[in-house]
Structure formats: structure tokens, C-alpha cells
Amino acid sequence: MGGEPGGGADAAPRAAEEAMTVVVDEETRAALLRKITVEGGFAYVSSAELAAGGDLRAAEAAKEMAWEQLHSGPWHEVVPAWRDAYAMACLQVAELRAGAGDRREALRALDMGLIMGGSLLRCDLHAAVERIMARMGEGEVDGSDGGDSVERWKEEFSKNWNLTEVLRVLPSRSLSCKIIEKRSSLSLETFVRDYFLRDSPVIISGYIDHWPARTKWKDLEYLKRIAGDRTIPVEVGKNYLCSEWKQELITFSQFLERIWSADSPANLTYLAQHPLFDQIQELHNDIMIPDYCFAGGGELQSLNAWFGPLGTVTPLHHDPHHNLFAQVVGRKYIRLYPDSVSEDLYPHSESMLSNSSQFELGTILRTIFRRFFPHQTLLMM
């Protein structure tokens with residue numbers, strides 16, 4: 001990275017050594033550029049051609065043009081070819097950044113391609129990430145601050161919480177209702193017959209104890225080593241219904257540091273509902289897809305990750321698919337309501353938030369109690 005004594009004579013060889021060759025099938029590339037031309041992306045095509053000749057500014061310009069198209073309207077209305085065009089521009093930027101010795105910026109470009117790009121060049125993006133990571137030594141891992149964070153991390157996972165401590169951080173009367181049935185060694189047939197077909201929730205204990213993630217993810221240095229420099233999307237704020245809520249793109253190491261530094265709900269940083277295992281395949285290797293996911297006879301709809309600090313709360317909501325939730329490390333409290341009380345959960349009227357309640361858990365509990373027990377008093381502890 002510049003400024004080294006005697007660097008002038010060796011600059012060109014060193015830059016060549018850093019180079020990362022991106023090989024996109026010419027037929028695939030040409031077909032994509034034709035699609036973008038049909039969509040009116042003449043400036044993008046021109047910049048992409050210059051980028052292929054080694055022009056970094058043109059590559060950045062093409063990436064920016066595609067980015068604007070991705071944000072020109074609702075996500076579901078974005079023309080798929082523009083997502084692929086964004087991925088191709090990210091590949092070009094990464095190749096040229098790596099060739100200049102800036103591997104962190106190259107890796108960031110590749111991650112952006114994985115996060116926002118289409119599926120056409122996904123294998124090329126993963127292959128490029130693998131080459132970049134292979135060349136990044138342990139000394140380059142971002143955000144490694146030594147022992148303090150590591151010790152805090154270990155202390156948190158070794159803590160044995162008693163019931164009083166748990167109740168102090170949960171919503172009022174959290175453990176006063178029906179507790180979900182817990183089973184172990186549950187066969188797929190029994191799961192389908194007794195729970196899936198009856199729309200009945202169940203806790204299956206011990207099923208993921210053999211996952212490598214159960215031990216590896218308690219090791220802060222391991223997480224930093226394999227994912228520290230990777231760029232991820234995070235949510236910042238109390239929850240997505242609050243006015244101060246926002247989204248940011250930061251490295252995984254920066255995210256791990258924020259877990260310890262959040263001093264108020266407005267600064268809580270949470271990785272939520274993101275296909276992290278598709279983006280960072282090393283983490284995917286630490287888990288296994290349970291057979292229960294295929295109970296309905298169809299395909300797995302999505303595989304997402306949630307990762308956050310103490311105090312993170314997701315608003316009351318419903319999802320479009322059946323959920324199989326695996327708690328790898330830490331603890332999470334989940335409250336479920338039956339369909340019969342849906343009207344009393346007051347969903348938002350606007351379509352973007354219609355799957356979320358307007359009220360927090362404590363308010364919802366009081367409302368339902370008044371409806372079904374109008375002549376009794378509810379004591380909130």
C-alpha cells in the first residue's frame with residue numbers, strides 16, 4: 001500500500017502479482033450487454049466496454065449507472081438484466097481494484113455484487129471472492145482489536161442466566177401464557193403428522209447440536225478470520241417501525257464491534273433476514289439444512305440469518321412461509337398468537353407494513369385481555 005522504501009522499481013511486478021483475472025464467458029457477457037441495450041442502457045454498455053479495457057473510472061461509472069437502475073422503483077419491478085449488469089460491473093471494479101493492490105475495496109465490490117446483483121454471474125462472484133480471500137493474510141483482517149472483545153465474547157456465552165434475570169429483559173408477563181411443547185429426537189413423519197399438518201408449533205431440542213456453528217461461532221477470532229472483511233447489510237435502530245431506523249453497509253468486523261458498543265436502542269445494530277449463507281459460503285459450511293424444511297413437499301423458500309446484541313426486538317408480525325428457526329448461539333424469546341386473535345393485533349393498513357402490528361407486545365397483551373376478560377384486572381409485573 002504505497003510509501004514503502006525502494007518501492008518504485010518493484011511497483012509494476014507487485015501490482016501484477018496482486019491482479020485478479022475475472023473470466024466472464026464472452027457469450028454470456030455479450031448477451032447481457034444486448035439486453036441492457038434493449039433497456040436503453042447505452043451509456044452503461046459504453047462504460048462496460050471501456051472497463052473491459054482496464055479503465056477503472058469507466059467500471060465505477062457502469063456500476064453507478066446500474067445502481068441507479070436498481071433504485072429506480074420498487075425492488076420487484078427492477079428489470080432482472082440490470083441486476084446482472086450491476087454484478088458484472090462489480091466484477092470489473094473488483095478486478096481493477098485488486099490489480100492496483102486494493103484488495104479490501106475489491107472484496108467490497110464483490111460483496112455488493114452478491115448482495116444486490118442477479119444470479120447470472122453469481123458463480124463468478126464467489127470464485128473471485130475465493131481468490132481474493134486466499135491472498136489476504138491474517139494480518140489484514142479488519143477490526144481485530146485484541147483480547148478485550150474476545151474475553152467479553154467468551155464471558156457472554158458462558159453466562160448462565162437465572163429466571164429473574166431473564167424476566168428482567170423480556171416483555172411483561174412473557175412466561176405467563178401457554179408454553180410451546182418441547183420434543184427431542186422427533187422423526188420427520190411425527191413432525192409432519194402431529195405438528196406441520198396441524199399448524200401447531202413445537203420446539204425440537206438437541207437437533208442442531210452437531211452443527212460446527214454451535215462451537216465455531218462462539219470463537220470471535222474465527223468469525224473475524226473468515227468473514228471480518230466481508231461487507232454486510234445491517235439494520236440500525238430499535239426496530240424497522242421506528243422513524244430513526246435505517247440500513248447501513250459495514251464489514252462483519254465492524255458489526256461485531258457494534259454489538260458491544262450500542263449505548264441506546266437507537267444505536268442497536270442488527271443483521272436481520274439476510275441470505276448471509278449464500279453470500280459467505282464459509283458460514284454455510286458450518287450449518288446443515290434440517291430435513292424438516294422439506295415437510296411440505298416443496299423447495300426451501302429462503303435461508304436467512306439473524307445476528308444481534310442483547311435488547312434486539314423484532315415487532316410482532318407474520319411471515320408468508322412456514323418458519324423453522326434454529327438458535328445457534330445465545331437465547332431468543334418468541335411469542336406466538338393464534339389466527340383467531342388476528343384482528344386484535346392491529347396490522348398496519350399500508351401494504352408495505354401490513355404484516356406487522358402497530359403496537360408493542362405489552363400493549364397487545366392488554367388489548368386482548370380486555371376483549372376476552374372485560375370484567376377482570378390484568379396486573380402487569
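At 52% relative accessibility, Gln 273 counts as exposed, a class that requires over 50% relative accessible area, whereas buried means under 20% and partly exposed in between (1.4 Å probe, protein chains only). Gln 273 lies in strand β5, residues 269-274, and has a positive phi of about 50° although it is not a glycine. Most residues other than glycine have a negative phi. Asp 199 also has a positive phi, near 50°. Asp 199 belongs to the loop between α10 and β2 and is exposed, with 62% relative accessibility.

The model is predicted, so that local features need pLDDT of at least 70 and side-chain atom pairs count only at pLDDT 80 or more, while totals for chains, interfaces and linings use all residues. Residues are numbered from 1 along each chain as its sequence is written, and side-chain values use heavy atoms, with hydrogens and water left out.

**Overall fold.** The chain holds 16 helices and six strands; these are DSSP runs, with helices (H or I) of at least four residues and strands (E) of at least two, numbered from the N terminus. Of the 381 residues in the chain, 36% are buried. Contact means heavy atoms within 4.5 Å; among contacts between residues at least 6 apart in sequence, 67% join residues at least 24 apart. The accessible surface comes to about 22400 Å², and 52% of it belongs to carbon and sulfur atoms, as given by the Shrake-Rupley method with a 1.4 Å probe.

**Nonpolar cores.** A nonpolar core is a set of buried Ala, Val, Leu, Ile, Met, Phe, Trp, Tyr and Cys residues joined through side-chain atoms within 4.5 Å. The largest one has 41 residues, and Ile 36, Tyr 44 and Leu 110 have the most contacts inside it. Helices α2 to α7 each give two or more residues to this core, and α5 supplies the largest share, 13 residues. Beyond four places in sequence, Leu 110 touches Cys 90, Leu 91, Ala 94, Leu 125, Ala 128, Val 129 and Ile 132. A second, separate core of 29 residues includes Ile 208, Val 236, Leu 271 and Phe 307.

**Aromatic pairs.** Rings of Phe, Tyr and Trp (its six-membered ring) pair if their centres lie within 6.5 Å; planes under 30 degrees apart count as stacked, over 60 as edge-to-face and the rest as tilted. The count comes to nine aromatic pairs. Two of them are set out below.

| Pair | Centre distance | Plane angle | Class |
|---|---|---|---|
| Tyr 44 and Trp 82 | 5.6 Å | 80° | edge-to-face |
| Tyr 207 and Tyr 292 | 4.7 Å | 45° | tilted |

Tyr 44 in helix α3 and Trp 82 in helix α5 are 38 residues apart, and their pair links distant parts of the chain. Tyr 44 is buried at 1% relative accessible area, and Trp 82 is buried at 6%.

Tyr 207 lies in the loop between β2 (203-205) and α11 (213-216) and Tyr 292 in the loop between α15 (281-284) and β6 (305-307), so their pair ties together parts 85 residues apart in sequence. Tyr 207 is partly exposed, with 31% relative accessibility, whereas Tyr 292 is buried, with 7% relative accessible area. Phe 191, Phe 196, Tyr 207 and Tyr 292 form one aromatic cluster.

**Thr 190.** Helix α10, residues 188-196, contains Thr 190. This residue is buried, with a relative accessible area of 14%. Leaving aside neighbours within four places in sequence, Thr 190 is in contact with Arg 183 and Tyr 195.
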